[in-house]
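Trainee: I'd like a close look at one part of this protein. Please set it in the context of the whole chain as you go.

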Amino acid sequence: LELSLELLLRQLVDRGILQGDFPFFLKILGLQIACYGASIALSVVHVRAYVQLSADVSEDLRLRLFDKGLGLPLSYYSTANSAALPSRITNEVGNVSAVLGQTFGSIGVALLQSAAAAVILFYLNWKLALLVTILLPINAWFARRAGELTSELERGYYSLYEDVLRFLQER
């Protein structure tokens with residue numbers, strides 16, 4: 001919808017204002033207002049759906065982890081680090097919730113925008129579109145590698161966090 005707003009704005013200025021076609025101006029202005037309204041409505045629905053998905057998954061994960069913790073034998077709690085389990089429940093579920101609420105929700109939007117951009121790009125300049133199509137997998141590989149490095153750093157951070165909690169509980 002955002003792309004259609006840009007195209008409508010161009011028509012609004014070129015034909016509606018510069019050529020003085022007032023009925024066309026009103027028609028395009030009405031379409032533009034309708035597109036803004038639809039864009040806002042879709043954004044609200046999109047955000048609400050993925051926030052709800054994130055909350056549902058987080059609640060389910062916490063309940064499952066809690067149930068699993070209740071099913072562990074008492075010997076586990078006397079020999080294992082007492083800070084590890086609450087730390088994992090809090091941190092890992094929080095991370096999953098953040099991923100679902102922030103990034104996972106935008107996958108559908110990104111796919112639709114990519115498809116629309118590809119169609120428009122091929123229509124405007126097929127040579128440039130071909131170059132972008134070739135370079136896109138290379139960019140995706142670099143992004144994936146950066147994500148793997150970030151995950152490794154986060155695992156190290158949470159391991160240190162558990163060590164600090166263990167140290168504080170022993171004092």
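Mentor: Start with the order of elements. From the N terminus the protein reads α-α-α-α-α-α. That makes six helices and zero strands. The model is predicted. Its radius of gyration is 26 Å, well over the 16 Å that the globule rule gives for 171 residues, so the protein is more spread out than a compact globule. The C-alpha trace spans about 80 × 35 × 25 Å along its principal axes.

Now the part to look at: helix 2. Helix 2 covers residues 22-70, which is 49 residues. At 1.5 Å a residue, helix 2 should span 72 Å, and its end C-alpha atoms are 72 Å apart, so the two values agree.

Which residues of helix 2 are buried? The list holds F24, F25, I28, Q32, C35, S39, S54, S58 and G69. An α-helix has 3.6 residues a turn, so residues three or four places apart point the same way. Read the list with that in mind. Take F25, I28, Q32, C35 and S39, which are among the buried residues. Further along, S54 and S58 are buried as well.

Back to the whole chain. Of the 171 residues, 15% count as buried, that is, under 20% relative accessible area. The accessible surface comes to about 13,100 Å². Carbon and sulfur atoms hold 68% of that surface. For contacts with a separation of 6 or more, 68% join residues 24 or more positions apart. Last, charge: the protein has 14 positive and 15 negative side chains. The centres of those two sets lie 4 Å apart.

Terms used
Residues are numbered from 1 along each chain as its sequence is written. This is a predicted model: local features need pLDDT of at least 70, side-chain atom pairs count only at pLDDT 80 or more; totals for chains, interfaces and linings use all residues. Side-chain values use heavy atoms; hydrogens and water are left out. Helices (H or I, at least four residues) and strands (E, at least two) are DSSP runs, numbered from the N terminus. The radius of gyration is taken over C-alpha atoms; the globule rule is 2.2 Å times the number of residues to the power 0.38. Buried means under 20% relative accessible area, exposed over 50%, partly exposed in between (1.4 Å probe, protein chains only). Contact means heavy atoms within 4.5 Å. Accessible areas come from the Shrake-Rupley method with a 1.4 Å probe; for residues, only the protein chains shown count as cover. Lys and Arg count as positive and Asp and Glu as negative; His and the chain ends are not counted. The place of a charge is taken as NZ of Lys, CZ of Arg, CG of Asp or CD of Glu. The expected span of a helix is 1.5 Å times one less than its number of residues.
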